Structure formats: structure tokens, C-alpha cells
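Hello,

Here is the structure I promised to pass on to you. Please open it next to this email, and then read on for what turned up.

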Amino acid sequence: MARIVHVDPDGVVVRLRGWTALAALKREVRVPMRAIRSISTGRYGATGFRIAGTAIPWTDIRAGRFRRGGSSTFLSFDDRDRVLTLELDRSVPGAAYDVVAVGVDDPDTVAAEIDAWRAAS
């Protein structure tokens with residue numbers, strides 16, 4: 001699998017492998033658990049302007065850093081309909097983005113796992 005999402009009490013770690021890492025110009029994104037304001041799944045619509053990474057026109061492929069309306073976003077997906085989206089509080093140390101949106105096979109299961117860790121802490 002090109003994207004691996006690991007959840008623990010400290011936060012969420014997204015690891016990118018192979019071509020996915022190359023397209024995003026990044027191998028890993030760390031999100032502190034206390035920086036997560038909200039979690040959503042499903043279709044991701046907005047992308048913004050690409051700062052560094054890949055955006056292939058007329059496809060769903062987006063990877064890397066994007067800016068939209070003053071917010072910083074990290075995207076890594078190839079199917080807009082199966083995306084886990086984390087909205088973050090950038091004032092929390094370690095939160096590098098306002099939004100992290102990652103394509104995963106089962107976004108609802110990953111979202112439930114993150115919610116369980118958030119409730120436990």
C-alpha cells in the first residue's frame with residue numbers, strides 16, 4: 001500500500017511510499033492528536049493552488065502541499081471519494097497544516113480509530 005496511516009495516543013502519522021512519496025515530495029506527515037479539530041470522510045472537493053507536489057488535470061490525483069484562502073493543506077489521494085480529512089488547529093505545536101486529506105481504502109474505519117484515541121485521551 002502506498003499510504004499507511006498509523007494512529008497512537010500522540011497523534012496520526014501518514015507514511016507515503018514509492019511513487020506516492022515522490023509525487024507528494026514528502027515521505028511522512030505527523031499530526032498531533034490535540035491539533036485535530038474535526039474528522040470527515042468521503043468526497044474531497046477543494047484543492048487550491050499547488051505549492052509543491054503533483055496535481056494531474058482531469059484526474060483525482062493530488063499529492064503535496066496546496067494553499068487555498070490562506071490555509072495550508074497537505075493532500076495525498078487518487079480517488080476523491082475515499083478520503084480521510086483532518087481539520088487541524090495550527091496553533092498547536094507540531095501542526096504544520098490546516099487540513100490533511102489522505103486517500104485510504106476504508107476512511108470510515110480510520111476515522112473511527114482516531115475518534116477512539118481522541119476519546120481515550
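Let's start with a term: two residues are in contact when they have heavy atoms within 4.5 Å. Among contacts in the protein chain between residues at least 6 apart in sequence, those that join residues at least 24 apart make up 51%.

A word on the background. The model is predicted, so local features need pLDDT of at least 70 and side-chain atom pairs count only at pLDDT 80 or more, while totals for chains, interfaces and linings use all residues. Residues are numbered from 1 along each chain as its sequence is written, and side-chain values use heavy atoms, with hydrogens and water left out.

Now the fold. The protein chain has two helices and nine strands (DSSP runs numbered from the N terminus: H or I of at least four residues for helices, E of at least two for strands). Their order along the sequence is β-β-α-β-β-β-β-β-β-β-α. Along its principal axes, the C-alpha trace spans about 40 × 30 × 25 Å.

How much of the protein chain is buried? Buried residues account for 43% of the 121 residues, where buried means under 20% relative accessible area (1.4 Å probe, protein chains only).

Thr85 has a relative accessible area of 8%, so it is buried. Leaving aside neighbours within four places in sequence, Thr85 is in contact with Ser38, Ile39, Ser40, Tyr44, Val99, Val100 and Ala101.

Enjoy exploring!

Conventions: Buried means under 20% relative accessible area, exposed over 50%, partly exposed in between (1.4 Å probe, protein chains only).
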